[in-house]
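Subject: Structure for you to look over

Dear colleague,

Please keep it open while you read.

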Amino acid sequence: MTRLRIAAVLVFVLLSCGLAWLVALPLWLGDGLAEPSTGYLLPVMMLTPAVAALAVTFAMKVPGPGTRLRFLGLWPLRPARRVVWLMVIGWLVPPVLVALGILVAAAVGFVDLDLTFSGFAAEIAKALPAGAPMPPVELVVISQIAMIPAAALFNSLLAFGEELGWRGWLVPALRPLGTWPALLLSGAIWGLWHSPLILLGYNFGRTDITGVLLMIGGCIAWGILLGWLRLRSASVWPAVLAHGSLNASAGLILLVAASQPDLALAGPLGVAGWIVAAATIAVLVLTGQFREQPELAGGPGRLLSAPRAGGPPPAP
């Protein structure tokens, strides 16, 4: 990497994290996650990586004019068939991985499952106004699961703000370091970016460094999978859909847990999620899925090019 690219990465990281803290400041000055504005500030915070990416792209000209859409993975969608299939995978597979994580959590004792959904029914009852009739809990559970694909598409609108920064700009910017350094480092930065919320108890209920470390671990695990979608497709859109799908399905464990689970262990970003992600990554590695990557920015010698050992460059 040249000094200019290193400077651009540092500016991107500082800007995205600094803006995240700025957006979360009202929560720190108020009642934390109990602040009424939380529901508005979280989506705004998700836009900060996109703001940082656009600022670095246009202010520091990394990448330069003429390659920006391809650098960010926005356009063109080539190779088209691969991009479309990976978008489908990104849309539909994360809920399956989240469900497998629940089974792993149950198998190792991280959570007790209750397939009568009594725990979830109790939570519904608490949320209902006094005297309101209780809907059939089975119907509520089925409707929640059936809505995940549509909710994934809606969540993708918000996830785009993050993905334009993390997988759209940062992963390709780090790509000259090599595939694995780029994926691991971008995942760690993604996890660290969540600190303003994690330190308030978001996700894990831990308000110290352990919560941040747990989030970094979860983001590295899922970041490798989202990064694989990005590198395998040369497009940011599969990662956008996968991020939205993960967010839409993250609450599945709350439907089937007998009591409030410890998400640091049983959640999709916790230890059970790490196990499933690691197994999935291992399958991808063993099947050579990280070896074949389309050129990210048009052709050999460009900013994002990753030289291959021997053989011609990959076909566009």
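Phe12, Phe71, Trp166, Trp169 and Trp193 form one aromatic cluster, where rings of Phe, Tyr and Trp (its six-membered ring) are paired if their centres lie within 6.5 Å, and planes under 30 degrees apart count as stacked, over 60 as edge-to-face and the rest as tilted. The model is a predicted one, in which local features need pLDDT of at least 70 and side-chain atom pairs count only at pLDDT 80 or more, while totals for chains, interfaces and linings use all residues. Residues are numbered from 1 along each chain as its sequence is written, and side-chain values use heavy atoms, with hydrogens and water left out.

By the ring rule there are seven aromatic pairs. Among them, phenylalanine 12 and tryptophan 169 count as stacked because their ring centres are 5.0 Å apart and their planes lie at 25°. This pair links distant parts of the chain, 157 residues apart, with phenylalanine 12 in helix α1 (residues 3–29) and tryptophan 169 in helix α8 (residues 148–174); helices here are DSSP runs (H or I, at least four residues), numbered from the N terminus. Phenylalanine 12 is buried, at 0% relative accessibility, and tryptophan 169 is likewise buried at 0%, where buried means under 20% relative accessible area, exposed over 50% and partly exposed in between (1.4 Å probe, protein chains only).

Phenylalanine 160 and tryptophan 237 form a stacked pair too, at 5.3 Å centre to centre and with 10° between the planes. Phenylalanine 160 belongs to α8 and tryptophan 237 to helix α12 (residues 237–249), so this pair ties together parts that are 77 residues apart in sequence. Phenylalanine 160 is partly exposed, with a relative accessible area of 26%, and tryptophan 237 is partly exposed at 27%.

Lysine 61, although not a glycine, has a positive phi of about 55°, and its place is in the loop between α3 (48–59) and α4. Asparagine 203 has a positive phi near 75° and lies in the loop between α10 (195–198) and α11 (209–233).

Terms used:
Helix = DSSP H or I, 4+ residues; strand = E, 2+ residues; numbered from the N terminus.
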